[in-house]
Amino acid sequence: FSLTTANIKISQLILRIAREEMLHLAAVANLMNAIGIAPNIVAVVPQYPYDLTILEYPLRLDLRSFSFDLIEQLFMAIEAPEVRVVFRAFVADRPKTIGQFYAGIIDIIARDTIPDLFKNALDQAYKQRAVDPNFLPVAYLNNQDTSTYPLKPEIDFRITDKASAIRHLSWVVS
């Protein structure tokens, strides 16, 4: 809301990012439904300011006007690292990035740490939502946007088994 019509390219970019974040939310909600946990989005909405303590270096989340400082100090810190890397899963240590956090979940699923985690996933499939994103292209400053939509057919955000959970969470990390 702090952006003006003079910042249309920035607002379009932020809108695209917001839509991508909603796809991440859809993947996580579908994963929760697949393993029999009803997502309760209202219950987890934080009160701001909020300390995101799941990371090794906690971040303070607050609501403020859009600025380059906000991008650098908060948005980029949440999404770090910018260059795609393969994360090793965490064991006892807290993850340093959101990517490591998801990598740990992927590792737990891949190693069958929780037996029969997806045994009722097909029965719970009716609770899930398939998503077919159709985003308009947004030109980044350096025109290095390589993400294309629609996504590959195997990314429909429905999670019905271990393989689809790993595939979708890996998409979120990438």
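Colleague: Which residues form a nonpolar patch on the surface?

Modeller: This is a predicted model, so keep that in mind as we go. The patch is formed by Met22, Leu25, Ile41 and Val45. Together they have about 370 Å² of accessible area.

Colleague: Where is Met22 found?

Modeller: Met22 is found in helix H1, which covers residues 8-34.

Colleague: Now the charged side chains. How many salt bridges does the count come to?

Modeller: Look for a side-chain nitrogen of Lys or Arg within 4 Å of a carboxyl oxygen of Asp or Glu. By this rule the count is four. Let us take some of them. Asp51 meets Arg60 in a salt bridge, 3.0 Å from N to O. Arg64 forms a salt bridge with Asp62, and their closest N and O atoms are also 3.0 Å apart. Asp107 and Arg111 meet in a salt bridge at 2.7 Å, N to O.

Colleague: How do I read a pair of helices?

Modeller: Two packed helices are described by the angle between their axes and the distance between the axes. Take H3, residues 98-110, and H4, residues 162-173. Their axes come within 10 Å and cross at roughly 170 degrees. H3 is therefore roughly antiparallel to H4, as angles over 145 degrees count that way.

Colleague: Which residues in H3 and H4 meet?

Modeller: In H3, they include Gly99, Tyr102, Ala103 and Ile106. In H4, they include Ala165, Ile166, Leu169 and Val173.

Colleague: One last residue. Where is Ala38 found?

Modeller: Ala38 is in the loop between H1 and strand S1, which spans 50-52. Ala38 counts as exposed, because its relative accessibility is 61%.

Colleague: Which residues is Ala38 in contact with, leaving aside its neighbours within four places in sequence?

Modeller: Ala38 is in contact with Met32 and Asn33. Ala38 and Lys127 are 89 residues apart along the chain, and their C-alpha atoms are separated by 9.1 Å.

Definitions and conventions:
Residues numbered from 1 in each chain as written. Predicted model: local features only at pLDDT ≥ 70, side-chain atom pairs only at ≥ 80, totals over all residues. Heavy atoms only, no water. Patch = residues over 30% accessible without salt bridge, like charges linked within 9 Å, V, L, I, M, F, W, Y side chains within 5 Å. Areas by Shrake-Rupley, 256 points an atom, 1.4 Å probe, with all protein chains shown as cover. Helix = DSSP H or I, 4+ residues; strand = E, 2+ residues; numbered from the N terminus. Axes fitted to C-alpha atoms, helices over the stretch in contact; angles between N-to-C directions. Parallel < 35°, antiparallel > 145°, perpendicular 65-115°, else oblique. Contact = heavy atoms within 4.5 Å. Buried < 20%, exposed > 50% of the residue type's maximum accessible area, 1.4 Å probe, protein only.
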